[in-house]
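I opened the model today and jotted down what I looked up. My notes follow the structure.

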Amino acid sequence: MAETIFQPLPDKPDHPALEVEVLDWWEAQGTFEALRDRNRGGPRFSFFDGPVTANKPLAVHTAWGRTLKDVFQRYKALRGFDQRYQNGFDCQGLWIEVGVEHELGLNSKREIEEYGLENFARRCREAVVRSADDLWRGSKRLGMWMDWGNDYFTFSDTNIEYVWRMLKVVHERDWLYLGHRSTEWCPRCGTSISQHELIGSYVDRADPSLYVRLPLLDRPTESLVIWTTTPWTLPANVAAAVNPEAQYGRRANGEWVGTALYPGETFEETRPGSELVGWRYRGPFDDLGPGGGVEHRVIPWDDVSMEEGTGVVHIAPGCGGEDFELAGVNELPVLTPVDESGRFYDEYGWLHGLSTAEAAEQIIGNLEEKGVLVEAGLHEHRYPECWRCHTPLIFRIADDWFISVRDLRQQMLDANATVTWTPEYMGKRMDDWLHNMGDWNISRRRYYGLPLPFYPCACGHLNVIGSRAELEERALGGLEQLEELRRPWIDRVQVACEKCGEPVTRVAEVGDVWLDAGIVPFSTLGWHNDTWVEQGYATGAARGLTTADLPDQAYWEKWFPADWVSEMREQIRLWFYSQLFMSVVLEGRAPFRNVLGYEKMLDENGREMHGSWGNTITADDAFARMGADVMRWQYCAQPPDRNLLFGFRAADQIKRELLTLWNSVSFFVLYANIDGYRPSWSSLEPGGELRPLDRWLVERTHAFVADAERGYESWLAVDVIRDFQAYLDDLSNWYIRRSRSRFWDGDEAALSTLWYALVQTLRVLAPVLPFLTEHLWRNLVQDGPASVHLAPWPETPEPDRALLSEVEDVRRVVTLAHQARATAGLKLRQPLRRLVVEGAGGAAAHADEIADEVRVKEVVFGRVDADLRVKPNLPVLGPKLGKDLRAVQEALARGDFEELEGGRFRVAGHELEPDEVIVERSGREGWAVAAADGVTVALDTALDDALLVEGRAYDLIRAVNTLRKDEGLEVTDRIVLTVPASEADVVAAHGDRIAHEVLAVEIVVGGELSVVKASSS
């Protein structure tokens, strides 16, 4: 019995079970720690992890980003790079608050305050801890290697102090100010929303659409007609805007509208908009207190659109950003109709206490009663909602803290120019954002967030605290109860005004969460810190959750800037932007050198994933049904410039692809065990007398390593996957298939070549498929590194591209020959007499291989006698040729062209490449022809008796091998074969070949086709 050197593989891998076993093995062996120890002191690769929000378990879309991060960190580890591996959690802000509110059944800020801010803060921390545990578990199950337990948490006091320090710098440079403006506002959360938080927050919705008359005071019986989709803003109306350059017309009923919007109407009178400026009108709600005190008038505005509405725009400065700016230019009063929760103030009479949504129906009814409602309906449009709670936003006047970008815009553009973005267009999107961004609104009227360190004094001086030490130095009391640098404890600490000495209290606002995340390149690396502090990052709310140190300035200088960061595209205006902003403020340069962005995830049908639609996939479900490796393949195979359609159908296809690799290893294991072949890691390169096909596979492997390396170095995992798919096809469908008989014969050169190829493949794929490669590695490599992840990246010579090109030509010829066979209705098992090849000169040295593969007796390289038709490939040529396309098309139809080398054609003054034309060749009688990419083949289809008998021999071999399998015979079992008498001529002519192929020790002619296991004696 053959020695079992390698563990035989089952028919297919059980990915989830295999992965759990590997995870346990890594843990027991300390594999990750061994890797870090090996690379410690090597060249550095600096990566900053974008913090995942700790408010839910791992989701499949989050797993996409975490996979890409892990893939490239694993690749760099194979190359010997020392790394930090610090995971991050985003721990503050509305994501956390809203989740806790739902848990507690709270629905407003008032209810939060009644519940108690101390209790609320503690419940928020509990939610973060619970979610962080879930995310740790999910990320580990995904195969992500990080320094778990040494994580950073953005609610750390240390992180908060670093933001304070940045804000103090901003204040010292006169970039900090308190702005009074109309801003996007979430009535449920009771806070303003910054410009960058609006990105991606627009949804399709239907809102009331009202056309309303505004009666003119000085022109009886005449009125202006305005249009609005926000009825709640009408009680705050103070003006109506017209385009001074546009034409306006008066209808027979006295209504004034923009004529361009009503091209089919006839008007009694027309005037330019400039003549309407100054006209006074009665407001829609002058019967309510605030509106009655306003003189409503028409103002000019160049941006009034003539594409929708009436051409007359209702202006409510307290309810719109542009309206507020117009109020400043035109000295208009500003009415603020609703409070923080979006409910009308008492002075608005019968509207008081109603929300903006609740008021709409009553406002419409009131306008109708007054006789000023022209039309009411619904309008479908894109409208912004809160990115946390999904409540429709409103505009509201608020005093918010801003950082001016006036001096920073060009610095940030210059810094971004030093960054390499993949895909490149994402860097241009960052440029577009930087060109158009407004001042950063950094304040939120909430609770569980970064406390802004602003202490305004009645004397007019703004005190900005830059550190806890400064706070303690200037505090007048309250330090004894300061559990964390957050509300409510920080609110109880007063400080002395540095200008007048009077006690001052901190503003109530907390900071934008992107301040927390953007500071991590400084707070986690110890920027400007003199002394290394053990567990110095584990402060405040992070105490007990991490053992992270606070490093020193020397450490920061080693690891800043990041060599690479990666997040999805929406982070261009969020985390990437906040990092860039704060880094330019503090250091005047970009915090990262390379960025990989990627698009969004949809379900496999191209729809958003929503729980209510039943198309969401949890990470745990994906782990159980497809496995982490299959998930990782799906993520890595996705071009980053396209949306990922994630689902189980794609997973099934990936499993089939991975089964080819599995079967290739299983094939090697089977025959290596049969022959007692025991390879050695110390003699990795194939030994023995290599045949041309072996040498080709070695060079093909070298090329795969080099190509995959380019993919990894370009941050394009999709290129690695594509390179592997092409390589695996060559390995399985060319090398193994064409070498089967050599493995049956125990050819050591074939075994050593295949082992080398498989081992190198596992090393290259290890970053993408860490579990499957580990499982197979421990079987195939028994005297080398214990883990594939501890084996260094393969060092291979430059591949012999000339040899590879020759075999590519061979495979093209074979593919075309198979096409020609199919056209002629000739099965592959039927030998033919001759194949003629034109245009694949590199294949000439491999005529014997081609003959064997195509099953012909002779291969001739020369001119193929066939009729030629050439047509333009319109999708390719159309954009290239433009108006010249017709002339080329007509010349090709006439046959007026010159055929050039390499499948090119000269026609009508243009040289066309092989991919720019469609070539059709038809053979002469008795020949089957196929052509593509400048290569043409012709098969002689004539069959004589000898060829027919040989074809029957191949049919018989196939039938017997199928019968062997059906009978459950082992691959090494010898047999006695019985064949019908009708096959006597086949046995007479080809008996030896048949016996060799089916392992027959005897062939008996006469009787039904059958096989019997031969006696071993």
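I count a contact when heavy atoms lie within 4.5 Å. Helices (H or I, at least four residues) and strands (E, at least two) are DSSP runs, numbered from the N terminus. This is a predicted model, where local features need pLDDT of at least 70, side-chain atom pairs count only at pLDDT 80 or more, and totals for chains, interfaces and linings use all residues. Residues are numbered from 1 along each chain as its sequence is written, and side-chain values use heavy atoms, with hydrogens and water left out.

**Helix pair.** I looked at α19 (residues 628–636) first. A628, D629 and R632 of α19 meet P770, F771 and L772 of α24. By class, I find four nonpolar, no polar and two charged residues in the contact of α19 with α24. The axes of α19 and α24 (residues 770–780) come within 7 Å and cross at roughly 125 degrees.

**Sheet.** Next I traced an open sheet of three strands, in the order β22-β23-β24, with antiparallel pairing (at least two DSSP bridges between two strands). β22 (475–477) and β24 (503–504) stand at the edges with a single partner strand each, so one side of each has no neighbour in the sheet. Two bridges join β23 (residues 494–496) to β24, and V495 has V504 in β24 as its bridge partner.

**G50.** Where does G50 sit? I found G50 in the loop between α2 (31–39) and β1 (52–53). Leaving aside neighbours within four places in sequence, G50 contacts K69, Y152, E567 and W575. G50 and W514 are 464 residues apart in sequence but 11 Å apart in space, C-alpha to C-alpha.

Notes:
Axes are lines fitted to C-alpha atoms, for helices over the stretch in contact, and angles run from 0 to 180 degrees between N-to-C directions. Ala, Val, Leu, Ile, Met, Phe, Trp, Tyr, Cys and Pro count as nonpolar, Asp, Glu, Lys and Arg as charged, and the others, Gly among them, as polar.
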